[in-house]
Amino acid sequence: MCVRVYAAAKMRVDMQFEAILKPKKGSRQKRKRKDDDDVLDRYADEEVSRLREAMLAAAADDEQANKEKLPATSKLRLLPQVMEVLRKTSLVQSIIDNNLLQGVTKWLEPLPDKSLPALDIQKEFFPILKKMEFIDTNVLKESRLGRVILFYTKCKRVTPDVQRAANDLVSIWSRPIIKRSASYRDRVIPTAQLEAEGPGVRSGERLNAILARARESDKNRVRKNAVAIPQSQLGSYTVAPRSNAGLSRSNVPVDVDIQRRKQNAERLKSLTRKMTAKI
């Protein structure tokens, strides 16, 4: 019902738009551009306002249908008209003034049985929200859209693509609050400092001593599973390693031990050749 009412109202608005933009024959004076802009703005506000009411009515219809264990399809029927308006950059100010994003918030909220809205609605809304650069703190407070997007970042029933888009939106919208720049040149990446004497590493310790201490610690370790099942997991890292930081200094004992082993091997070969020559 709300879809038919909105379609009829939209048709009347389109006819009024055409009447304004169509030049009148025989008229000596044209309307001032300011008057025309005011009329167009007024009709744009009326169109967005009617769409907002239709969105809220469709959300209420779907909630009632969900309570009655019936298919909730009112929002899906109205979705093409909603996306048509959201994609129009000329209606940005009307979208802000008439709080159309409140309807978007209602559509993204879970239904009474805790189920998520249709996947088509999620896939259509999240990409268009990332393109709306006019969304600021005031718009988020008025529409209460931020708390719904934050819910999608924590919900385990959300698809990976939608959850990734929700995380991106939270990151973008939180930058002005925490005063973080969007430029990658201004990013400060924490780096790990490699110390000569870190936890579990002793200065000047040789390779044999390190291996012996590792074997001694393995003896007292209780192994619940002898063989671990391999899993393909990608780790997420927040601290970048610092290249060439204390690398040569920490590897000095290992290099000395390797050189000593090579010298011992050469001495053994030389001694073997001498013993063979005497025989």
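In the predicted model, the axes of helix α3 (residues 74–86) and helix α6 (residues 119–131) approach within 11 Å and cross at roughly 10°; axes are lines fitted to C-alpha atoms, for helices over the stretch in contact, with angles running from 0 to 180 degrees between N-to-C directions. The two helices are therefore roughly parallel to each other, a term applied to angles under 35 degrees. The crossing of α3 past α6 is left-handed, that is, the near helix is turned anticlockwise from the far one by less than a right angle. On the α3 side, Lys 75, Leu 76, Leu 79, Val 82, Met 83 and Leu 86 meet Asp 120, Ile 121, Glu 124, Phe 125 and Ile 128 of α6 (contact: heavy atoms within 4.5 Å). The residues of this contact comprise 8 nonpolar, no polar and 3 charged.

Helix α5 (residues 101–108) is largely enclosed by the rest of the structure, because 6 of its 8 residues are buried (under 20% relative accessible area, 1.4 Å probe, protein chains only). These are Leu 101, Gly 103, Val 104, Thr 105, Trp 107 and Leu 108.

The chain contains 12 helices and 2 strands, assigned as DSSP runs of H or I with at least four residues and of E with at least two, respectively. Of its 279 residues, 27% are buried. Among contacts with a separation of 6 or more, 73% link residues 24 or more positions apart.

Residues are numbered from 1 along each chain as its sequence is written. Local features need pLDDT of at least 70 and side-chain atom pairs pLDDT 80 or more, whereas totals for chains, interfaces and linings use all residues, and side-chain values use heavy atoms, with hydrogens and water left out.

How values were computed: Parallel < 35°, antiparallel > 145°, perpendicular 65-115°, else oblique. Nonpolar A, V, L, I, M, F, W, Y, C, P; charged D, E, K, R; others polar. Buried < 20%, exposed > 50% of the residue type's maximum accessible area, 1.4 Å probe, protein only.
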